[in-house]
Amino acid sequence: MKINADFSQQVVVEADEVSWVPSPIPGVERRILDRVGDEVARATSLVRYAPGSRFSPHVHTGGEEFFVLQGVFQDEHGDFPAGSYIRNPPTSSHTPGSDEGCIIFVKLWQFDLADRTPVKIDTNKIGSVRDADRPGVSVTPLFQDARETVQLEQWAPGTSVDRPMPEGAELLVLDGDMALSGDVLRKHAWLRIPLHGHLQACAGSGGTRVWIKTRHLRFVDAPALDSRP
């Protein structure tokens, strides 16, 4: 399966326009944003857990990164409310589920396979810092290594963001909306900017909060195999 698999092209997906499709696990559905592979794949998705749904224990051979958008995600390592950012590195294992139901933004098979650094951050409990070079922008760092940078950005109402993206980027709108090339991207819209691309956007009247990852698209390869959504 290939969905938005041409990484040389800019892609915009309005989440509400994508159908939920069942996963192999009852009660767990996905909105696929990009995918290279079948059930075992390099993938970026929104994943929705119905109340009480749960996986059996499994290993993420290629790593798993996710941000909790709604509800509370749970595994044997804890309860993770909306606003939690988690990185389960390659070879890590867990038994995920949700008693009350949740929606997460999740990326699979996109780690350096030598990475062994777990990350668990409740962004509700940390602040942000103003970006000295970009008026109207505040940043909450989440992760950085030699391959990628992940952070939250809060754009004040009406802020224009004009930023070269030589190493590509992905953005997910968490709150508010933003104007992009004449379109308005609303909550949970996803944008992928290719290598040598450019972000030109304007925050909506209520401001905009985005999850943003940069520098990682230099490392797009055919995925190794993983058996979990």
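## Aromatic pairs, charge-over-ring contacts and backbone angles

The count comes to 4 aromatic pairs, where rings of Phe, Tyr and Trp (its six-membered ring) pair if their centres lie within 6.5 Å, and planes under 30 degrees apart count as stacked, over 60 as edge-to-face and the rest as tilted. One of them is edge-to-face: Tyr49 and Phe55, at 5.9 Å centre to centre with 70° between the planes. The model is predicted, so local features need pLDDT of at least 70 and side-chain atom pairs count only at pLDDT 80 or more, while totals for chains, interfaces and linings use all residues. Residues are numbered from 1 along each chain as its sequence is written, and side-chain values use heavy atoms, with hydrogens and water left out.

Tyr49 is buried, with a relative accessible area of 5%; buried means under 20% relative accessible area, exposed over 50%, and partly exposed in between (1.4 Å probe, protein chains only). Phe55 is also buried, at 5% relative accessibility. The rings of Phe105 and Trp211 form another edge-to-face pair, because their centres are 4.9 Å apart and their planes lie at 70°. Phe105 belongs to strand S13 (residues 102-108) and Trp211 to strand S22 (residues 197-214), so this pair ties together parts that are 106 residues apart in sequence. Strands (E, at least two residues) and helices (H or I, at least four) are DSSP runs, numbered from the N terminus. Both Phe105 and Trp211 are buried.

Tyr49 and Phe55 also belong to one aromatic cluster with Phe66 and Phe73.

Arg87 sits over two rings, as listed below. A charge sits over a ring if NZ of Lys or CZ of Arg is within 6 Å of the ring centre and within 35 degrees of the ring normal.

| Charged residue | Ring | Distance from ring centre |
|---|---|---|
| Arg87 | Phe111 | 4.5 Å |
| Arg87 | Phe143 | 3.7 Å |

Ser53 lies in strand S6 (residues 53-54) and is buried, with a relative accessible area of 6%. Leaving out residues up to four places away in sequence, Ser53 touches Pro26, Gly27, Val28, Gly97 and Ser98, where contact means heavy atoms within 4.5 Å.

Most residues other than glycine have a negative phi. Ser181 has a positive phi, near 50°. This serine is in the loop between strand S19 (169-180) and strand S20 (183-185), and Ser181 is exposed at 68% relative accessibility. Arg215 also has a positive phi, near 80°. Arg215 lies in the segment after S22 and is buried, at 18% relative accessibility.
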